[in-house]
Number of protein chains: 2
Amino acid sequence: MAESFHGLHRTRYCAEFGVDNLGQTVTACGFVDNLRNLGGLLFISLRDRTGVVQCTVEQSQHPALYEKCSGVHGEYVLAVTGEVCRRSAEAVNPKMKTGEIEIIASDVRILSEAKTTPFEIVDHCNTNEELRLKYRYLDLRRPVMQQGIVLRSLAAKLTRDYFYSQGFLEIETPMLTKSTPEGARDYLVPSRVHKGSFYALPQSPQQYKQLLMLAGFDRYMQLVRCFRDEDLRADRQPEFTQIDLEMSFVDIDDVISVNEGFLKTVWRELLGIELETPFLRLPYREAMDRFGSDKPDLRFGFELRNLSDIVKNSGFKVFSGAVEAGGSVRAINVKGAAAKFSRKEIDSLGEYVKTYRAKGLAWIKWGDEMTSSFTKFLTEEETAAILRAMEAEQGDVIFVVADRDRVVFDALGALRCECARRLDLLKKDDFKFLWVTEFPLFEYSEEEDRFVAMHHPFTSPMEEDIDMLESAPEKVRAKAYDIVLNGTELGGGSIRIFQTDLQERMFKALGFTREQAYHQFGHLLNAFQYGTPPHGGMAYGFDRLMMLLTGKDSIRDVIPFPKVQNAAELMTSCPSDVSEQQLEELGIMLRPGVVPEGGEP
Amino acid sequence: MAESFHGLHRTRYCAEFGVDNLGQTVTACGFVDNLRNLGGLLFISLRDRTGVVQCTVEQSQHPALYEKCSGVHGEYVLAVTGEVCRRSAEAVNPKMKTGEIEIIASDVRILSEAKTTPFEIVDHCNTNEELRLKYRYLDLRRPVMQQGIVLRSLAAKLTRDYFYSQGFLEIETPMLTKSTPEGARDYLVPSRVHKGSFYALPQSPQQYKQLLMLAGFDRYMQLVRCFRDEDLRADRQPEFTQIDLEMSFVDIDDVISVNEGFLKTVWRELLGIELETPFLRLPYREAMDRFGSDKPDLRFGFELRNLSDIVKNSGFKVFSGAVEAGGSVRAINVKGAAAKFSRKEIDSLGEYVKTYRAKGLAWIKWGDEMTSSFTKFLTEEETAAILRAMEAEQGDVIFVVADRDRVVFDALGALRCECARRLDLLKKDDFKFLWVTEFPLFEYSEEEDRFVAMHHPFTSPMEEDIDMLESAPEKVRAKAYDIVLNGTELGGGSIRIFQTDLQERMFKALGFTREQAYHQFGHLLNAFQYGTPPHGGMAYGFDRLMMLLTGKDSIRDVIPFPKVQNAAELMTSCPSDVSEQQLEELGIMLRPGVVPEGGEP
């Protein structure tokens with residue numbers, strides 16, 4: 001039976017007891033981390049979020065207490081009152097913060113009993129994630145998980161402190177907002193008062209933060225929950241936290257400079273690492289050409305080279321045909337990989353690039369001798385030119401993809417990362433930041449057969465490209481920037497359009513009629529007419545930032561209560577069925593044939 | 001046409017320019033607050049969130065610039081470059097922070113033109129709230145609104161700083177949670193992946209924060225958005241922000257002490273007021289007896305007195321009958337009101353109490369002479385005893401209500417506040433805090449014909465009352481506490497049940513079968529079995545706190561983008577209709593006859 005806590009007062013946290021408490025009578029509270037009974041002496045290791053302290057119950061001194069505590073086991077919750085004593089010399093544990101002392105118990109209250117936990121409460125618990133998520137409250141007791149959540153809490157504090165110090169205000173924006181068709185799929189919330197109408201949970205507070213600039217708040221930030229009803233990938237959650245910010249009277253350099261200061265602060269304060277700024281800036285075009293990716297991982301080389309000119313007239317039709325069709329032939333040189341990449345390994349990389357729609361992977365392996373999948377189809381001069389272009393040496397492996405540009409970039413961009421992974425070059429404590437800039441303003445959507453905004457329709461074109469908005473939209477570059485760390489997009493943003501006339505040209509280029517634009521964005525377009533400061537901003541995925549900061553492989557490990565791939569939460573079993581009355585009040589019903597998984601309530 | 005901001009750099013905020021900038025060439029940016037043209041001299045008052053600075057364009061020096069700026073008017077957005085000069089002695093404005101200087105413009109960029117705003121951008125804009133909310137981005141430009149939002153931002157920072165300093169961690173809890181039938185109505189979110197199933201937006205993170213205690217985080221806090229789909233009153237919003245906290249290994253005094261420290265800090269830092277602690281604590285019973293309310297306003301007296309004993313045998317059946325039927329006769333003495341309350345005023349107070357279901361309001365007005373609605377029905381001794389009991393003197397007005405206790409308390413509790421309001425006793429800068437404690441654990445729900453939890457089903461009974469859980473549940477008091485300020489409940493909380501057996505007795509008393517309890521709260525009840533620290537917590541309505549701190553009459557004035565009474569947001573017109581495709585993807589449809597207000601999309 002659980003005893004009461006009434007009248008007790010915890011002296012301090014477990015790991016805070018030390019030699020300065022010697023001789024004091026104290027009360028320690030916590031979970032039983034482990035318990036050893038050495039015939040007449042009961043050693044209870046008591047744990048809280050700070051660490052552990054050893055409490056000792058002596059049968060000779062307190063036979064009844066000893067008896068009472070003999071039934072205790074792991075995860076019981078105790079309050080132990082006793083004297084802080086120095087451990088005997090041989091019992092001192094230098095690895096423990098509290099290793100010099102122990103609490104000799106004079107009283108123990110068993111505040112809560114505990115069943116045997118479904119997995120051990122230790123850092124390496126060796127259980128499957130599903131079980132961990134079902135018992136998340138136990139999973140979160142593991143010190144490694146506790147540390148992650150504590151660090152997240154500190155990072156949030158640090159974020160706010162930094163941006164406040166830079167004149168930002170945290171301003172809350174609504175969660176029940178208006179559904180907009182642009183962007184990802186909205187989570188909808190049926191309205192009871194306005195039956196048949198719906199709120200949408202925000203995908204980001206984009207329009208609100210722009211309106212806050214129009215309202216004159218000048219610098220806004222918010223740690224804000226956002227929602228996207230998309231099919232989940234490993235690093236996506238249906239709800240996620242964003243560090244969102246917006247600034248008035250700024251251009252790209254102002255935004256970048258404030259944000260480099262932010263990242264410097266976080267890395268210094270949380271990891272003790274001094275980042276060098278300014279970070280490298282790579283225009284999108286260059287990032288694609290050199291790395292096949294708009295979020296290149298710079299921890300290793302293997303840059304792309306364009307071989308099209310060398311092979312465009314080649315008799316090898318796989319190459320020359322790709323160039324002829326408007327595509328290209330590009331390659332990477334995986335330096336020194338010949339010793340490590342067996343023929344089997346190379347074949348498996350060939351399979352790997354097929355997931356990026358590459359039809360094949362041509363290769364040269366320059367080991368003790370040179371072998372290749374394709375040089376036999378080339379002239380000697382062509383092969384020599386390729387080797388020269390790739391700065392190939394003995395020991396290298398060269399991979400070539402010939403296809404449409406998009407496929408070439410996707411395949412080689414992914415391949416260079418995959419090679420680095422297999423060569424174990426991805427050090428988690430090596431942090432390579434860069435800005436990718438000058439993104440195209442538009443991308444062509446084959447699905448919708450029109451240009452869509454690559455970022456969003458309020459992104460400003462670059463001054464020097466505005467004239468091409470109508471004549472050559474595909475060439476217009478945006479005042480947009482992404483911050484990339486080790487191949488992951490940490491965040492991104494843009495300078496916004498603040499001129500009504502330019503905004504209208506933008507909507508026209510996107511194929512919106514004036515009416516459609518006003519139907520969807522009317523409140524913002526109207527607002528622009530009452531005086532709009534130039535403004536721009538940025539948003540970071542806070543979960544992803546925490547994942548990289550803590551070196552975890554999954555964002556689920558840095559979110560207290562995450563959802564799994566199918567958007568369910570295993571601990572509370574949600575989503576779940578609701579009552580017919582609830583649906584009736586909302587004016588909605590399930591479609592014929594739709595049956596909730598749990599069956600009828 | 002709007003000019004570009006390209007290449008410009010704002011020197012500092014408008015109100016930060018001063019004599020230390022004399023002689024410097026600077027750039028100021030902002031909205032045009034007003035503009036005066038004194039024949040050859042254009043005085044532009046430029047405004048940002050810090051205040052205003054005067055910019056002067058001289059026709060004699062810059063005729064083209066003067067010409068260009070002549071068309072500018074209020075709310076245009078400008079960047080003014082020029083030299084900071086001392087104003088001539090007669091032009092110095094001591095009321096302005098920047099009143100000693102002006103910027104003599106050498107260049108002005110018109111960054112954005114502005115239509116005439118639908119209302120003036122001044123503190124007292126004298127327009128209706130509906131228009132203000134529709135153009136919220138303009139409303140928020142008004143200095144008084146800006147200050148409120150800035151203060152809210154500071155208060156949020158202060159809150160986090162304080163609780164972090166006390167060892168709390170901010171930990172984020174999910175927004176897509178499980179619907180629970182207890183409590184208010186949930187906002188539901190249909191799941192696309194699990195068609196027919198729904199998430200609920202959290203009414204509070206109650207269960208998650210308890211699970212965080214089970215997970216060993218010890219002290220949790222969060223500024224968190226919560227949702228209740230209830231019909232709105234003046235001080236309610238469908239989404240609202242809560243300061244939410246929970247602590248392990250604590251009893252009532254620990255929670256109260258941390259929170260008094262919090263409120264002291266907020267009042268000191270934001271208002272410069274040193275609150276005296278500890279605050280008064282009033283048991284619920286005493287609060288009802290003395291003030292007819294569990295959130296008494298202590299800025300004035302007019303305490304309730306029980307006259308039942310005096311009148312229980314009276315020939316006046318209105319009084320004696322009420323006592324006989326198990327009710328009571330109680331009164332307040334509105335000291336010194338005789339001179340102010342005319343007969344007409346007293347009659348209107350009689351109407352007022354009817355809204356609280358009182359059948360009538362008996363009164364004695366002791367002005368130059370004594371008049372009364374009821375003393376004629378009493379003996380002289382009874383009247384004298386009443387006057388004695390009420391400590392009546394000449395100048396007083398006494399109001400008596402005879403009814404069921406609940407009606408008597410409601411009516412007199414409201415009446416004493418209404419009298420204070422009419423007597424202008426409610427000073428907004430007089431802050432009277434108190435804790436109301438020892439709430440009943442249960443209240444009887446006539447609607448459901450059973451006891452329901454007055455706070456929530458995890459609230460711990462008081463140690464000394466546990467034995468009555470089954471025998472006399474109505475007498476059991478809870479370890480619950482509300483913090484009350486000037487008649488408003490700022491927040492409240494409780495010590496939670498942490499023992500499985502006690503929790504099961506609690507559910508039994510609430511009429512839950514074991515199965516029902518586990519169906520709804522299974523994850524929490526299961527979690528309790530793996531070791532549960534004693535814990536308790538608290539939650540504040542942050543919006544309401546800000547309203548009282550800033551002396552506003554409506555929480556809409558401290559929320560950047562509030563919703564109106566019918567839960568709509570006027571600026572973006574949400575909720576709104578969505579496409580048939582969106583509903584289809586979610587597996588739901590509108591019920592027959594339900595038509596969204598906007599008609600078909």
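Modeller: Let me start with accessibility: a residue is called buried under 20% relative accessible area, exposed over 50%, and partly exposed in between, with a 1.4 Å probe and protein chains only. This is a predicted model, in which local features need pLDDT of at least 70 and side-chain atom pairs count only at pLDDT 80 or more, while totals for chains, interfaces and linings use all residues. Residues are numbered from 1 along each chain as its sequence is written, chains are lettered from A and ligands numbered from 1 in the order in which they are written, and side-chain values use heavy atoms, with hydrogens and water left out.

Biologist: Why is B:Asp161 called partly exposed?

Modeller: The relative accessible area of B:Asp161 is 27%, and that value falls between the limits of 20% and 50%, so the residue is partly exposed.

Biologist: What makes the pair of B:Asp161 and A:Lys157 a salt bridge?

Modeller: The term requires a side-chain nitrogen of Lys or Arg within 4 Å of a carboxyl oxygen of Asp or Glu, and in this pair the closest N and O atoms are 2.8 Å apart. The bridge crosses between chains, from helix α4 (residues 143–165) of chain B to helix α4 (residues 143–165) of chain A, where helices are DSSP runs of H or I with at least four residues, strands are runs of E with at least two, and both are numbered from the N terminus. A:Lys157 has a relative accessible area of 17% and is therefore buried.

Biologist: How do you know that B:Arg591 and A:Glu580 are joined in a salt bridge?

Modeller: Their side chains meet at 2.5 Å, N to O, which lies within the 4 Å limit. This pair also crosses between chains, from the segment after β23 (588–590) of chain B to helix α17 (residues 580–586) of chain A. B:Arg591, at 17%, is buried, whereas A:Glu580, at 47%, counts as partly exposed.

Biologist: Where do B:Arg285 and B:Asp289 lie, and what makes them a salt bridge?

Modeller: Both lie in helix α7 (residues 284–291) of chain B, 4 residues apart, about one turn of the helix. The closest N and O atoms are 3.6 Å apart, which is within the 4 Å limit. Over all chains, the structure holds 112 salt bridges.

Biologist: Why does A:Thr173 count as buried, and which side chain does A:Thr173 join in a polar contact?

Modeller: A:Thr173, in the loop between β6 (169–170) and β7 (188–190) of chain A, has 2% relative accessibility and so counts as buried. Its side chain joins that of A:Gln222 at 2.9 Å, and a polar contact is a pair of N or O atoms within 3.5 Å; within protein, one must be able to donate a hydrogen and the other to accept it, and residues adjacent in sequence count only if both atoms are side-chain atoms. Leaving aside neighbours within four places in sequence, A:Thr173 is in contact with residues including A:Tyr208, B:Arg225 and B:Phe561, where contact means heavy atoms within 4.5 Å.

Biologist: What makes the relation of chain B to chain A that of a two-fold axis?

Modeller: A rotation of 180 degrees with 0.0 Å of shift along its axis superposes chain B on chain A, with an RMSD of 0.1 Å, and that is the relation of a two-fold axis. The same surface serves both copies, since 100% of the contact residues of chain B recur in chain A. The superposition is by least squares on the C-alpha atoms of residues with pLDDT of at least 70 in both copies.
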